[in-house]
Amino acid sequence: TGNDVTAQLKQLSINQIIEQQGFRAMDKSWIGLRDLSLPPFNNNRWLDNNVHMFSTNILKRLKGNWETKLQLNVSDDQRIFEGSTQTSLYTFNDTINFSEQIRNSSGTRFLSGRITAEKNTDNAYYHIETKLEKEWATLEGRVLLGESTPDNIIQLVNNQYTNLQNRVKILLPFGNQIYSIKSFTNYSNVPQTLSVMPGQFTELLNSGNEYSELLQNTTASDFYQGSSLSFIKKLGNFNVKPEIGFQIRKQQLNSGISIVENTELILDDSQFNNQLTFKQILGEATFKASYKTQKMKLELIPKLRYREFLRSDIELTLSQKLRKLTFEPTLNFGSSIGKLCKLFYRSSVSNRFSTLEQLYFGYIISDYRNVARFNNPIAELQTLRNSLRMNYRNPINATFISLAYTNSTTRNNLLVVNSISDVGFTTLTAIESVNHNDRNKVVVNASKHIDRLR
């Protein structure tokens with residue numbers, strides 16, 4: 001059809017995005033096909049797909065001022081991607097050039113259901129939402145590698161994805177304040193398999209000997225629960241919003257690599273297997289204070305966070321524990337300069353840490369060319385960001401100008417290293433090395449409407 005109509009089934013509202021701050025969903029695809037770069041123009045000019053979709057919504061009012069909404073979506077999407085790539089990889093000793101002719105086909109079946117219950121009265125507001133998603137995907141990829149005597153590589157991928165979410169929001173008046181209680185619970189399960197024929201990474205997996213088929217199996221699960229309590233109090237031109245929150249998360253990853261030569265051989269070496277458990281606990285306290293007049297708004301958001309991480313692998317009998325107390329303030333300032341110009345300034349400090357996708361000790365092969373493991377400590381990134389923006393808007397003579405400058409400095413305790421083999425296979429690892437990244441960005445936009453040219 002050339003139209004990706006299934007994209008509309010996976011959109012989030014602004015409120016859902018705000019309420020899920022601090023939660024990043026686990027990757028749905030640990031393994032897959034070698035993708036082609038998408039063209040930089042509209043889908044309907046290149047997308048080759050055959051899609052069937054059914055969607056229905058049911059609204060019903062119940063007793064006690066409750067309103068319910070039931071939504072059901074079903075889709076079946078078949079796609080074909082064909083193209084070629086020419087790649088040059090530059091190493092210290094040589095330049096590796098190779099070409100790929102790629103044909104990928106995929107069939108994805110998607111089922112989702114959502115039920116929402118809402119009650120809004122003078123005394124309270126309740127919003128309860130439960131969502132279930134299920135996805136089945138089968139992918140086949142064929143690659144002709146090289147030009148004169150190309151190697152024919154076949155990849156078969158079987159992906160399944162299950163996701164269950166529950167979201168609760170309650171607003172309750174107490175005295176002169178309105179208290180807000182929020183809760184978000186998420187569970188995901190992702191079993192996947194990859195088959196590559198003929199087998200690749202012979203030096204790593206089979207002492208340099210060729211073999212007929214490579215098998216990669218992964219199963220990842222993720223449980224998350226986050227809750228918060230807050231209220232807003234107005235004091236003249238001041239608004240204050242204290243908030244406390246708590247989050248727990250448990251993720252598990254089981255994976256293994258097998259090679260086939262006449263019979264299947266499971267690689268018992270621990271460097272090719274994962275039985276990883278990653279637990280996270282977060283407690284945070286935020287005090288948001290803002291001052292607002294007709295021409296100016298000042299907002300200060302100091303945030304104190306305590307994090308605890310536990311990473312353990314049964315197969316390797318390895319574990320790591322990390323505790324961190326961080327202070328992450330944010331300052332926002334906005335002011336009008338005359339009637340046509342506005343100035344905005346923002347400064348913030350944030351901290352990020354490794355996710356499950358960056359923490360497994362044993363190798364995982366994601367496609368016929370890429371293999372990775374992260375036998376390193378938990379990454380700790382701290383970013384200081386400052387931004388300044390000025391907007392000039394003159395609707396009388398139709399002149400609009402925007403100037404923006406952003407500076408960010410990030411400190412990272414790990415350095416990612418890519419190792420490239422003689423035939424272009426990429427191995428991704430990380431080493432412990434403190435490094436800094438400074439970035440500066442300037443953006444200028446200007447527009448002028450001209451009624452007529454002289």
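## Ground rules and confidence

Because this is a predicted model, local features need pLDDT of at least 70 and side-chain atom pairs count only at pLDDT 80 or more, while totals for chains, interfaces and linings use all residues. Residues are numbered from 1 along each chain as its sequence is written, and side-chain values use heavy atoms, with hydrogens and water left out.

Now for pLDDT, the predictor's confidence in each residue on a scale from 0 to 100. The chain has a mean of 86, with 92% of its residues at 70 or more. Confidence is lowest in helix 1 (residues 14-19), where the mean is 55, and highest in strand 15, at 95.

Patches are built from residues with over 30% relative accessible area and no salt bridge; like charges are joined within 9 Å, and nonpolar side chains (Val, Leu, Ile, Met, Phe, Trp, Tyr) within 5 Å. Accessible areas come from the Shrake-Rupley method with a 1.4 Å probe, and for residues only the protein chains shown count as cover.

One nonpolar patch covers about 820 Å² and is made by L298, L300, L331, Y345, L388, I401, L403, Y405, V442 and V444. Strand 19 gives the largest share, three residues. Y405 sits in strand 19, and its relative accessibility of 37% makes it partly exposed. For reference, buried means under 20% relative accessible area, exposed means over 50%, and partly exposed is in between (1.4 Å probe, protein chains only).

## A positive patch

There's also a patch of positive charge on the surface, where R346, R352, R385, R439 and K441 gather. In this count, Lys and Arg are positive and Asp and Glu negative, with His and the chain ends not counted. Each charge is placed at NZ of Lys, CZ of Arg, CG of Asp or CD of Glu.

Strand 15 (341-353) and strand 20 each supply at least two residues of the positive patch. R346 is found in strand 15, and with a relative accessible area of 39% it is partly exposed.

## Salt bridges

Side chains of opposite charge can pair when their charged atoms come close. The cut-off used here is a side-chain nitrogen of Lys or Arg within 4 Å of a carboxyl oxygen of Asp or Glu, and by this rule the count comes to 15 salt bridges. One of them pairs R103 with E82, the closest N and O atoms being 2.8 Å apart. R103 is in strand 3 (residues 95-120) and E82 in strand 2 (residues 66-90), so this pair ties together parts that are 21 residues apart in sequence. R103 is partly exposed at 38%, whereas E82 is exposed at 56%.

R369 and E100 also meet in a salt bridge, at 3.5 Å from N to O. R369 lies in the loop between strand 16 (364-367) and strand 17 (370-372) and E100 in strand 3, so the link spans 269 residues in sequence. Both R369 and E100 are buried. E129 pairs with R114, and here the closest N and O atoms are 2.6 Å apart. E129 belongs to strand 4 (residues 125-145) and R114 to strand 3, so the bridge ties together parts 15 residues apart in sequence. E129 is buried at 7% relative accessibility, and R114 is buried at 16%. Elsewhere, salt bridges with shared partners join E284, R305, R307 and E328 into one network.

Most residues other than glycine have a negative phi, and most peptide bonds are trans. Against that background, M197 and P198 are joined by a cis peptide bond, with omega about -5°. P198 lies in the loop between strand 6 (177-197) and helix 2 (202-205).

F201 lies in the loop between strand 6 and helix 2 and has a positive phi, near 55°. F201 is buried, at 6% relative accessibility. S207 has a positive phi near 55° and lies in the loop between helix 2 and strand 7 (213-235). Its relative accessibility of 66% makes S207 exposed.

Note on methods: Helices (H or I, at least four residues) and strands (E, at least two) are DSSP runs, numbered from the N terminus.
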